[in-house]
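Have the sequence and the model open as you read.

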Amino acid sequence: MQVSENTAMEVKDLSFAYGNNKVLRQISLAVDAGKITTIMGANGCGKTTLFSLMTKNLTPGKGKVKLDGKNIQNLHLTEFAKKVSIVHQYNSSADDITVERLVSYGRTPHQKMMAGKNEEDARLIEWAMDVTNVTKYRDREMSKLSGGQQQRVWLAMALAQNTQILFLDEPTTYLDIRYQIEILKLIQKLNREYGITIVMVLHDINQAIHFSNWIIGLKDGKVVVEGAPDEVITMETLQQLYGIRLSVTTVEGQKFVLTV
Amino acid sequence: METMKSDNQRLPERGMPQVNQDQIRRQQKAARAAISFGVMILLLVILFFAAINIGSLKVSFGELLKGLFVEFNDNVATIYDLRFPRIIISMLAGAAIAVSGVLFQAVLKNPLADPGIIGISSGASFTAVLITAFAPTLYFITPIVAFFGGVAAFFLVYCLSWKGGLSPLRIILTGVAVNALFTGLANAFNSMSGGNLSGVASIVEGNITQKTWDDVSTLFPYVVAGLFLAVIFIRECNLLMLEDKTARGLGINVNKTRIVISLVAVLLASISTAIAGAISFLGLIVPHVGRILVGSDHKSLVPFSALTGAFTFLLADTIGRTVAAPYEVSAAVIMSVVGGPFFILLLRRSRKYAS
């Protein structure tokens, strides 16, 4: 993808290694503003490392990640948190914290030390709970919620950060199929109705095709597939990405990969 | 409960009664927290006046006030010089150790962390013993030296139990070893000095019989500063309860925050150890009870633990000097006798940490 004015985040010549183990080799890519971009690939392809580098959880060996044209290494954590919110794969909280209190933590980067909630904070907390449909649980303790409900609360916390970009690391991992679809539809709604740029890692190929505007496929630390899902997902690219032959079929104009 | 939950899932629009239940539950918890605070303040005040009057000298409340503020009274003067300092020291040290426990538990993500058990207090006590034994004229820097001893112990525990992460159990095990080392060293110096350096012995044994107003004024500013810092970091303590990555995503520099809060916790534990001796289990029991009564939000947990810590230490000290009068059992011994079984109970009940 070309870097344009519409680029929300740009990855340039990014390399990363754990010791001698080169995980990413000179990766370059661009995340379009207002789109849903999904990172895919087999286990060990480097997608988690790429995700960590893009979310400032790792420091690049070489190259850089740019946000609004600025290298994120030079951004203070708080500044970064005002522009990028992240929902990690695994989350935990105190058992007795209420939903509303947890969502309010999303306002942390915008609040001064010791300062209380202002009107803007209160408004965004309400909005985040409304959008994710957890307002009715606001007084309930986290430990009393189901996995799907908890995931929506974590998403609400990230939304309360009120950022341009939202990163999600395998947001459907611990959920059964009903909650998987529910959370993906919610993410789609956030993108369509509120224009939030989404970058996520997904395991399920069909969900990736169906819910993304753009696919980035990694193999051995390099981008081997990049483009709109309908165009780039083929038997050949899947073979390249996962090393297995999978049939691709079209049902009612929609591409499906037969994963069995 | 089960049926309600499934009903609720099938018919989300009928969620109203459940919402009210959540609200009721939250209000009940808030009420319980408020009552707990009230009762604890009341108990502390009652115990304070009881402690003043427990012992061989007795004065009535009227006499006490009169003796303190109106005219000289021999008995009141003696009580003022002997009992008041130890009562105030008990309360300050109790509050400091309990809050130190809260902070360690937040930083190490380990509800079993206690400055006594993980060796911070014994590190502080060892260095305090060194100063008292070898450079008694430098007694005024004892708190500072104790602080560095505490930092050294914490550094050891943290580094030795780090293996790509901190497992709660490994921290406790390493802590037990570090604690044994420093306690042993402190005891060794106590024995080598013939056990007749009362200053050394009093730190090792946690004896606060002979404390004076000077000790109060040494302890006071550090404890107040430490508690003040603990209050400042309440928000950070809460955020540390999330996964590290999540807290970082909210703009918190997790490593830096950990170090700073740890230093405050070490400060509180070391200073009180330098004056009142090493106390185990106080920093474990008090926050645990606090979590049950006022919840795990540090906004309530920190102040409540300070109050309850002050109460518990003063109670242990008062029991210690009455239970076998005229002989005294130190507060540290009382805390160990009560705390040991409590710790085992915690381990037995908690599937999370002892599996």
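Which residue in β8(A) is the bridge partner of Asp169(A)? The partner is Val201(A). Before we go further, a word on conventions: this is a predicted model, in which local features need pLDDT of at least 70 and side-chain atom pairs count only at pLDDT 80 or more, while totals for chains, interfaces and linings use all residues. Residues are numbered from 1 along each chain as its sequence is written, and chains are lettered from A and ligands numbered from 1 in the order in which they are written.

Asp169(A) belongs to strand β7, residues 165–169 of chain A. Helices (H or I, at least four residues) and strands (E, at least two) are DSSP runs, numbered from the N terminus. In a regular strand, side chains alternate between the two faces of the sheet. Here Ile165(A), Phe167(A) and Asp169(A) point one way from β7(A), with Leu166(A) and Leu168(A) pointing the other way. A residue counts as buried if 20 or more other C-beta atoms lie within 10 Å of its own, exposed if 12 or fewer, and partly exposed in between, with C-beta atoms placed from the backbone. By that rule 5 of the 5 residues of β7(A) are buried, so the strand is largely enclosed by the rest of the structure.

Now look to either side. Two strands pair if DSSP finds at least two bridges between them. Strand β6 (residues 84–87) of chain A runs parallel to β7(A) and is joined to it by 4 bridges; Ile86(A), for instance, has Phe167(A) as its bridge partner. Strand β8 (residues 197–201) of chain A is also parallel to β7(A), with 5 bridges between them, and there Leu166(A) is partnered by Ile198(A). The path from β7(A) to β8(A) includes helix α6 (residues 177–194) of chain A, and the three make a right-handed β-α-β unit (with the strands pointing away from the viewer, the path from the first strand over the helix to the second runs clockwise).

Stepping back, these strands belong to an open sheet of 6 strands with mixed pairing, in the order β6-β7-β8-β3-β9-β10 (chain A). Strands β6 and β10 (222–227) of chain A stand at the edges with a single partner strand each, so one side of each is left without a neighbour in the sheet.

Finally, the whole chain: chain A has 9 helices and 12 strands, and buried residues make up 43% of its 260 residues. Its C-alpha trace spans about 55 × 45 × 35 Å along the principal axes.
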